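Morning, everyone. Let me put the structure up, and then we go through the chain contacts.

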There are 4 protein chains.
Amino acid sequence: MHDPSTTVSDLKKLVSDFIAQRDWQPFHDPKNLSASIAIEAAELMEHFQWLRSDQLDAVREDPKAMQEVREEVADIAAYLLSFATRMNIDIAAALEEKMQKNAEKYPAEKYRGKFK
Amino acid sequence: MHDPSTTVSDLKKLVSDFIAQRDWQPFHDPKNLSASIAIEAAELMEHFQWLRSDQLDAVREDPKAMQEVREEVADIAAYLLSFATRMNIDIAAALEEKMQKNAEKYPAEKYRGKFK
Amino acid sequence: MHDPSTTVSDLKKLVSDFIAQRDWQPFHDPKNLSASIAIEAAELMEHFQWLRSDQLDAVREDPKAMQEVREEVADIAAYLLSFATRMNIDIAAALEEKMQKNAEKYPAEKYRGKFK
Amino acid sequence: MHDPSTTVSDLKKLVSDFIAQRDWQPFHDPKNLSASIAIEAAELMEHFQWLRSDQLDAVREDPKAMQEVREEVADIAAYLLSFATRMNIDIAAALEEKMQKNAEKYPAEKYRGKFK
């Protein structure tokens, strides 16, 4: 599976099948899943915990760290997909809607070039 | 955009374009983005903060809460997609790889039926 | 040291001395410390991640889990104390002030007996 | 109340009394409290979310931001104290014990002067 050819529904199915095959649905309630996203996000943060903003390339250049970071990204995605499936949320639709809302709140012409 | 027909790359592009149009790339470094995922995950958790495990349907039945939950899901997705783009991570490939690793660690036959 | 006879300043000094003895002050900036509190809080959450609200006594009755929980509490306290020292915040005064604010927001007579 | 003259037990009592006066003990179970610490930690992180490591003084110099930061510190402390009370953990003893363990793991002579 690769990002250019994999739909969000493909990923949702991958995760749902994994959970169903182990009868783990009772554990994947929305409270536990929201905590699980936060737990995995914290593990991702750990890789940058003591680095200054000008030292962050160190992680990209360290293959072992990058493999761990990759797995944390997968873990966050897995729990987010499971949460969305459980709560019947269409992630693509929710994201498109939120970006439109953000576009009104933060007009591009107000910010472009401002921080250069 | 809807999950059955939207690829992960479509979502990555939606988010990257939004950031580029505002020249926000300097803020979207991996340290800030990992913290941002954690911040949005915490906001998602807030909706279940004081509910017992047997009270969680209350959120699904509350349209206002569900709209907020939907937006938090979008926010987490946006930062996760931005992080993956920035770190050059293929989310679908990373997730498939992690699920295979998990399948070996947690064999289905060991768990199926165990919690029924 | 024990809670009945240890002041907040005693704890602040314990942590500050530890950091100063290792020249770690440059790492203990407020951004890193706030992330560190969140990281340790997530590790504390992990102990309850998959437990339903009616299963939480399991942790108290498990000496190994309780020792780990104790250490997470210490880690959160350490980073919170370091943050307060760095930002020149008097924790006792801030807490007393916040509880008074909360008392006005959530009057006791409005809630007492309500959930019985 | 001020840090130099306030014991940890004084703070524990302040928080416990507040909760008892509102009959909120059933909500303050260890799962909810660990999530609450994480939620408040995320709110603290928000103040530094988009700042580079060399811009952090901006928060200290902004009285409104500092007041909010102060309240987040109080919120984290309140939930941590409530958690410790509920789980019968002596914070001062746990912290002293953990700092001794850390002192063995990270000997001062190995780090002192290393980052100068």
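**Interfaces and symmetry**

Across the interface of chain A and chain B, the rule finds 10 salt bridges, a salt bridge being a side-chain nitrogen of Lys or Arg within 4 Å of a carboxyl oxygen of Asp or Glu. One of them pairs A:Arg70 with B:Glu97. Their closest N and O atoms are 2.8 Å apart.

A word on conventions. This is a predicted model: local features need pLDDT of at least 70, side-chain atom pairs count only at pLDDT 80 or more, and totals for chains, interfaces and linings use all residues. Side-chain values use heavy atoms, without hydrogens and water, residues are numbered from 1 along each chain as its sequence is written, and chains are lettered from A and ligands numbered from 1 in the order in which they are written.

Back to the interface. 76 residues of chain A are in contact with 76 residues of chain B, where contact means heavy atoms within 4.5 Å. How much area is buried between chain A and chain B? About 7,100 Å², with carbon and sulfur atoms giving 66%. Buried area here is the accessible area (1.4 Å probe) that two parts lose on being put together, summed over both.

Now chains C and D. A rotation of 180° with 0.0 Å of shift along its axis superposes chain D on chain C, RMSD 0.0 Å. In chain D, the C-alpha nearest the axis belongs to D:Thr7, 1.9 Å from it. The same surface serves both copies: of the contact residues of chain D, 100% recur in chain C.

Note on methods
Copies are superposed by least squares on the C-alpha atoms of residues with pLDDT of at least 70 in both.
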